Amino acid sequence: MQKKFNNVVVVNHPLCEHNLGVIRDKDINSDCFKNSLKRLSTILILEATKDLPLKSYEVETPIQKCLVNKISDEYKIIFAPILRAGLAISDVASEIVPDASIQHVGMYRDETTLEPVWYYDKTPVLYDNPDSIKVFILDPMVATGNSAHAAVSLFLKKGIKIENIVFVSILSCPQGLELLTGDFPDLKIITAKIDEKLNARGYIVPGLGDAGDRLFNTFEK
Ligand code: URA
């Protein structure tokens, strides 16, 4: 039986299953991979943003006045894609929430140590009002959890509360989730599936291979 992780929401939806099946297949092309990953991202972003606070206001329809709702501006919404595979999720996230700020963070994985190496950080040195920020960190894969851990730590260091950070990931595995839920028990994680394990090279099993390479067609054949 699969271990249950606190604060990890596994989104069960037939369209998640369908699109996961598509992106696991090594024989599909990059375009097909990207489109199915984006469909999955849409479902996960809807789940991740479902608790955003609303504010009501009045409009006049062609028939009469009525109260409607909008996303409250009490919070600034930030999507933080971890480069480069997180870009596929931020593309759809910014379409669904067009007023959000997209703050890229770039890390690559050292293939020997499996530790993240920072190369880009588009977050400001200081946030004006960190208590009024909600951050959605986006990365299709939580494998070792090291990059995810580094990204969450970055936002915590800048004063964002852990309860205002959500991690959105298409595929995850027990090892990465152990690390994240162990160090950040209040971090909310949204994923479409928890796979079986990691292999010796730090790839998720059965997984889908290297998400960045598959998205951007950068395989060495
Ligand atoms: N990153 C990927 O893209 N795939 C994995 O399986 C692990 C990390």
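In the predicted model, Asn7 is placed in the segment before strand 1 (8-10), where strands (E, at least two residues) and helices (H or I, at least four) are DSSP runs numbered from the N terminus. The phi angle of Asn7 is near 70 degrees, a positive value in a residue other than glycine. Asn7 is partly exposed, with a relative accessible area of 36%; in this classification, buried means under 20% relative accessible area, exposed over 50%, and partly exposed in between, with a 1.4 Å probe and protein chains only. The model is a predicted one, in which local features require pLDDT of at least 70 and side-chain atom pairs count only at pLDDT 80 or more, whereas totals for chains, interfaces and linings use all residues. Residues are numbered from 1 along each chain as its sequence is written, and side-chain values use heavy atoms, with hydrogens and water left out.

A positive phi is also found at Leu114, where the angle is near 65 degrees. Leu114 belongs to the loop between strand 6 and strand 7 (116-121), and at a relative accessible area of 16% Leu114 is buried. The backbone oxygen of Leu114 is reached by the side chain of Asn146 at 3.0 Å, a polar contact being a pair of N or O atoms within 3.5 Å, of which, within protein, one must be able to donate a hydrogen and the other to accept it, and for which residues adjacent in sequence count only if both atoms are side-chain atoms. Asn146 lies in helix 4 (residues 146-157) and, with 18% relative accessibility, counts as buried. When residues up to four places away in sequence are not counted, Asn146 touches Leu114, Glu115, Pro116 and Leu179, contact meaning heavy atoms within 4.5 Å.

Helix 4 also holds His149, which, leaving aside its neighbours within four places in sequence, is in contact with Leu179, Leu180, Asp183 and Phe184. His149 and Leu180 are 31 residues apart along the chain, and their C-alpha atoms are separated by 6.3 Å. In the loop between helix 4 and strand 10 (165-172) lies Glu163, which counts as exposed at 53% relative accessibility. Between Glu163 and Pro185, which are 22 residues apart in sequence, the C-alpha to C-alpha distance is 9.8 Å.

Gln103 occupies the loop between strand 5 (101-102) and strand 6 (105-109), and its relative accessibility of 7% places Gln103 in the buried class. Apart from residues up to four places away in sequence, Gln103 touches Lys76, Ile78, Phe79, Ala80, Pro81, Lys122, Thr123, Pro124 and Tyr127. With Tyr127, the contact includes a polar one from side chain to side chain, at 2.5 Å. With Ala80, which is 23 residues away along the chain, the C-alpha separation is 4.8 Å.

Most residues other than glycine have a negative phi, and most peptide bonds are trans. Against this background, the peptide bond from Leu83 to Arg84 is cis, with omega near 0 degrees; Arg84 is placed in the loop between strand 4 (76-83) and helix 3 (87-96). The peptide bond from Val205 to Pro206 is likewise cis, with omega near 0 degrees, and Pro206 is placed in the loop between strand 13 (204-205) and helix 6 (211-216).

Over the whole protein, the secondary structure comes to 6 helices and 13 strands. The radius of gyration is 18 Å, close to the 17 Å that the globule rule gives for 221 residues, so the protein is as compact as a globular protein of that length; this radius is taken over C-alpha atoms, and the rule is 2.2 Å times the number of residues to the power 0.38. Along the principal axes, the C-alpha atoms fill a box of roughly 60 × 40 × 35 Å. Of the 221 residues, 49% count as buried, and among contacts between residues at least 6 apart in sequence, 65% join residues at least 24 apart. The mean positions of the 25 positive and 29 negative charges are 2 Å apart, where Lys and Arg count as positive and Asp and Glu as negative, while His and the chain ends are not counted.

Terms used:
The place of a charge is taken as NZ of Lys, CZ of Arg, CG of Asp or CD of Glu.
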